[in-house]
Amino acid sequence: MPDKNLLDDNNFVAVEFVSRWKEEDIMELYRAGGWWRDYMDPSHINNLIQGSFLFAVAVDGRSGRAVGMGRVISDGVSDGYIQDLVVLADWQKMGVGKMIIEKLIEGCRARKIAWVGLIAEPGKEDFYNSIGFRRMPGHVPMLLDWEARGC
């Protein structure tokens with residue numbers, strides 16, 4: 001059963017786990033996050049969703065459109081990583097992001113995933129701190145630089 005939350009007198013969202021979703025909605029969310037690249041193939045979006053451990057969408061109760069999303073990648077046994085959390089600009093500052101994170105955490109707990117991490121964008125630390133995430137002293141997030149490898 002999706003979690004429903006009244007955001008104001010005219011808006012409510014339901015956050016639900018999905019195994020498929022409308023490609024155009026997910027593309028719009030990836031674009032809003034600045035993560036969509038022209039070389040990406042929209043026909044692979046549902047493969048991305050199905051390849052995730054958990055994939056949650058926040059659905060506008062009036063239109064049925066996805067207005068936010070987040071996912072967990074995991075081995076399904078010990079660790080989970082939250083990534084790709086994004087909420088459309090018109091829906092930000094209304095609690096939608098928190099609803100998505102809470103749903104993902106709940107899903108991890110139900111599946112006995114005890115270690116849940118993420119990499120926060122600069123300026124988002126207070127948001128994640130309010131939910132219970134803390135900095136990991138002594139750890140540095142890193143990303144493979146394909147160009148430096150000559151690829």
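# Briefing: burial, pockets and ring contacts

At a relative accessibility of 0%, methionine 69 counts as buried, because that value falls under the 20% limit for burial. The model described here is predicted, and methionine 69 is placed in strand β4, which covers residues 66-74.

**Surroundings of methionine 69**

- When neighbours within four places in sequence are left aside, methionine 69 is in contact with Ile26, Leu29, Tyr30, Phe55, Ala56, Val57, Asp84, Leu85, Val86 and Ile100.
- Among these contacts, Ile26, Leu29 and Tyr30 also belong to the buried residues of helix α1, while Asp84, another contact of methionine 69, lies in strand β5.
- Serine 43 stands 26 residues from methionine 69 along the chain, and the C-alpha atoms of the two are separated by 18 Å.

**Helix α1 and its packing**

- Helix α1 spans residues 23-32, and within this helix Asp25, Ile26, Met27, Leu29 and Tyr30 are buried.
- The packing partners of the buried residues of α1 are α2, β3 (54-60), β4 and β5.
- Glutamate 23 also has its place in helix α1, but with a relative accessibility of 30% this residue counts as partly exposed.
- Apart from neighbours within four places in sequence, glutamate 23 is in contact with Pro42, Ser43, Ile45 and Asn46.
- The C-alpha atoms of glutamate 23 and valine 116 are separated by 27 Å, the two residues being 93 residues apart along the chain.
- Just after α1, glycine 34 adopts a positive phi of about 80°.

**The largest pocket**

- The volume of the largest pocket is about 1800 Å³, and the lining consists of 44 residues, of which Leu118, Ile119, Ala120, Glu121 and Tyr128 lie nearest the centre of the pocket.
- Two or more residues of this lining come from each of β5 (79-87), α3 (96-110), β6 (115-118) and α4 (125-131), and β5 gives the most, with 7 residues.
- By residue class, the lining of the largest pocket divides into 26 nonpolar, 9 polar and 9 charged residues.

**The second largest pocket**

- The second largest pocket holds about 200 Å³ of space, and the residues that line this pocket are Tyr30, Trp35, Trp36, Met40, Asp41, His44, Ile45, Leu48, Arg71, Gln83 and Asp84.
- At least two residues of this lining are supplied by α2 (45-51), and at least two by β5.
- The lining of the second largest pocket comprises 6 nonpolar, 2 polar and 3 charged residues.
- Two of these lining residues, Tyr30 and Asp84, are also contacts of methionine 69, and Ile45, another lining residue, is in contact with glutamate 23.

**Aromatic rings and a charge over a ring**

- The count of aromatic pairs comes to 4, and one of them is formed by phenylalanine 127 and tyrosine 128, with 4.9 Å from centre to centre and 70° between the planes.
- This pair is classed as edge-to-face because the angle between its planes is over 60 degrees.
- Phenylalanine 127 counts as partly exposed at 29% relative accessibility, whereas tyrosine 128 counts as buried at 12%.
- Together with Phe133, the residues Phe127 and Tyr128 form one aromatic cluster, and Tyr128 is also among the residues that lie nearest the centre of the largest pocket.
- Elsewhere, arginine 111 lies over the face of phenylalanine 17, at 5.6 Å from the ring centre.

Methods: Residues are numbered from 1 along each chain as its sequence is written. This is a predicted model: local features need pLDDT of at least 70, side-chain atom pairs count only at pLDDT 80 or more; totals for chains, interfaces and linings use all residues. Side-chain values use heavy atoms; hydrogens and water are left out. Rings of Phe, Tyr and Trp (its six-membered ring) pair if their centres lie within 6.5 Å; planes under 30 degrees apart count as stacked, over 60 as edge-to-face and the rest as tilted. Buried means under 20% relative accessible area, exposed over 50%, partly exposed in between (1.4 Å probe, protein chains only). A charge sits over a ring if NZ of Lys or CZ of Arg is within 6 Å of the ring centre and within 35 degrees of the ring normal. On a 1 Å grid over the protein atoms alone, a cavity is a set of points where a 1.4 Å probe fits but cannot get out, and a pocket is an open set with protein on both sides within 12 Å along at least five of seven lines; lining residues have an atom within 4 Å of a point. Grid points are joined across faces, edges and corners, and a volume is the space filled by probe spheres set on the points. Helices (H or I, at least four residues) and strands (E, at least two) are DSSP runs, numbered from the N terminus. Ala, Val, Leu, Ile, Met, Phe, Trp, Tyr, Cys and Pro count as nonpolar, Asp, Glu, Lys and Arg as charged, and the others, Gly among them, as polar. Contact means heavy atoms within 4.5 Å.
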